[in-house]
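Me: Please take a close look at one part of this model for me. I would like the sheet that joins the chains, and what surrounds it.

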Amino acid sequence: MPRPKLSRMANPTGELSMSSVDSVQDISNRIIAVLGNPNVGKTTLFNRIAGIRAKTSNFPGTTQDARHAQCCGAMLIDLPGIYSLDLEVSESVVCRQVLDGDLAPTGVEAHVPNAILVVIDATNLMRNMTVVAEAIARRLPMVVAVNMMDLAERQGIHIDLERFGECIGCTVVGCSGKTGEGVDELMQAVESATIPDRSAPTELDAIEAWGDDIYSLVAAARETPVDDRLTDRLDRAFTHPLLGVVTFSVVMTGLFWVIFKLAAIPMDLIDAWFGTLGGWVSGVLPDGPISGLLVDGIIAGIGGTVIFLPQIVLLFFLLALLEGTGYLARASFVIDRVLRPFGMSGHAFVPLLSSHACAIPGIMAARSVPDPKDRLATILVAPFMSCSARIPVYVLLTVILFPDSPGMQAVAFTSCYVIGVLAALFSSLLVRRTILKGPSRPMAMELPSYRLPDLRAAALLTYDRAMMFLRKAGTLIVAISIVLWWLGAYPNTTVSIADTTPEQREVIAAKAQARHSFLGQIGDAIQPVFEPLGYDRQLTIGVLASFAAREVFVSTMAVQVVGSDDAEDDSVLESIANATRDDGTPVFTRATSWSLLVYYILAMLCLPTLVVTAKEAGGWRWAWLQLGWMTLLAYSGALIAYQAVSLLS
Amino acid sequence: MVDHAQSNAQANGSIPLTQLTRGQSGRVQIDGAATDEVKMLRAMGLRPNASITMCRLGEPCIISLSGACGGGCRIGLAKEIAGRVMINVESQPDAQTETQPDGQSNG
């Protein structure tokens, strides 16, 4: 590919250039807004410029992703992809606010940008002219990057960049974010960007006519049409009412199989490593509060956070690859048919499916849902999907309910997933009929060309998401773990019993500690609330401890009834199943087990998810609503289950 | 492009996008007010006189846009939206199914 031509415009009007604007403003505080249509390779170009310096945060008070990076002495902000600034969709609103100087990503001081970098697609030049006209109207220093020049070349499209620059009155640089061609020239041009010395129309009809005129002057397309019969066939297959659904199921099952299968290896390693570290620390330090805090609080807390990392990394990497192929855009339409009657759009499917691994990356993935109401509904119902942390509880309870029937265990296990999905659909319908009223936005979406995914872009996105998870959720999960450890470890109870082996003494001491700790006392106080559901003091403590993370339930129950939290041991599971209440009656009756199962399917028992909901939905009120609604539904469901099963038996 | 303009447009010989057959081409016709939906579709390239070819009927309706973008691009539309887009039919499916990018010149 020939090196793209660089066209630098004279500045005959003597208007301010970016560097002269900067002379009156702190040079370290410069903002360059990157604007452009969706699917123009804007993010690939941004990644090419910023690399791993890019950070992801939110635009405060919104659910929009904000990627930004300190580059070339300025803060480069990758704005959401838009077709026009003049639309009432959240992406356009965010772009307008940033260009007005009213909004900046969290951690960046908001002011009117010092320059706009408009990224347009060389293969879709005419359509991209709307955003170019709107950027010119802002009267800010600007540069236009004509991206995908390599692809345009292959498609026989020629663009006269110099003439293009003359037509719009600012510097135009041809480049390719994919190959890196022309990116250095682009950054030089951005540093000396000037306000366009031409004006552009502001009315829609006039903008279109202006764009057509410029297109006819600067672009020449190949005479022979592109053969897209293969694209036609693939599109028809992928969006077919039956074949489309089958393909979708196969692709998604494969994706999640890979995630569960591959993530298990690093997860086990992380688990073992933190176990070893904890063992080593408790061996080195004398028994006491410092050792307890370090081993059971901090190390266990960090381990409990990092263990989710392989799933998150794999999920985002594979989803980015899949999105890069162009398939996900087609799949969104397939699933839109199912979700739209319930007030969600096809975009919601990936977040909902991801929530089956863990609601945290699922809720984070809801950023891809463009309509704000659809997105909020998706975030609110995502935790109803049965995440992997529920699996140990499902296993325990289905085994207790159907001890000699693996077939019935499987049916009950599957039903748990189905109940979760139904609860999510019902809740979405309800929320869209009440607080998030309004029709779900029908889908109108550009279908990108099928192509090989960009590994570099997928890796960068994954790195970004992983760091974000560790920074945001990590700090909080650790804090909660420390608080929970403290509640469980204090006040310290000493038990002295003669004529017992050290193992027996350990078991008795652990049971006594579980009973007399603050957590145990809280359990005693709250137990009457759970009495109608059939839970005794021990189950209440298990449910309360699960609030930090659901999987804690099995280990908490193990500590209380057995005195050992090694739930991997079959005999431990058996002991839990045969546990007795203080009056000697069994803890897990048929009615209690059903009630508990329903409670765990529906309840919001995960504080980290609540934190992520608050962050992603743009306010704690959404997190409280989610907690309140899920608790209400879980409590009612468990109550009905307990009373119904008690009555029948 | 909007409901109230539909009868008027049909009188002018244009039909809703959903009535095109596969492979049939036409040009977008816009009458009536610039609602948010119309503005969105126009910004996506479905603007007056844009040349389109029907690729897939039904839900979703997939069209290929050629005139508006030089290289061509595809847009998927929910049937509900597609029913509101009016088209002046240009070619039949058995005729040429690919249209040339219009407005081209040797700059």
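Reply: Of the 649 residues of chain A, 48% count as buried (20 or more other C-beta atoms within 10 Å of a residue's own; exposed is 12 or fewer, partly exposed in between; C-beta atoms are placed from the backbone). This is a predicted model, where local features need pLDDT of at least 70, side-chain atom pairs count only at pLDDT 80 or more, and totals for chains, interfaces and linings use all residues. Residues are numbered from 1 along each chain as its sequence is written, and chains are lettered from A and ligands numbered from 1 in the order in which they are written.

Chain A has 27 helices and 11 strands. These are DSSP runs, numbered from the N terminus: helices are H or I with at least four residues, strands are E with at least two.

Now the sheet. It is open, has 7 strands, and runs β11(A)-β5(B)-β4(B)-β3(B)-β2(B)-β6(B)-β1(B). The pairing is antiparallel; two strands pair if DSSP finds at least two bridges between them. Axes here are lines fitted to C-alpha atoms, for helices over the stretch in contact, and angles run from 0 to 180 degrees between N-to-C directions.

Helix α9 (residues 229-238) of chain A packs on this sheet. The helix touches β11 of chain A, plus β3 and β4 (61-65) of chain B. Contact means C-beta atoms, placed from the backbone, within 7 Å.

Next, β3 itself. Strand β2 (residues 25-29) and strand β3 (residues 51-56), both of chain B, pair in the antiparallel sense over 3 bridges. B:S25 has B:T53 as its bridge partner in β3(B).

Look at the loops on either side of β3. B:N49 sits in the loop between α2 (36-44) and β3 of chain B. Its phi is positive, near 75°, and the residue is not glycine. B:N49 is partly exposed, because 15 other C-beta atoms lie within 10 Å. B:P60 lies in the loop between β3 and β4 of chain B. The peptide bond from B:E59 to B:P60 is cis, with omega near -5°. Most residues other than glycine have a negative phi, and most peptide bonds are trans.

Definitions and conventions. Two residues are in contact if their C-beta atoms, placed from the backbone, lie within 7 Å.
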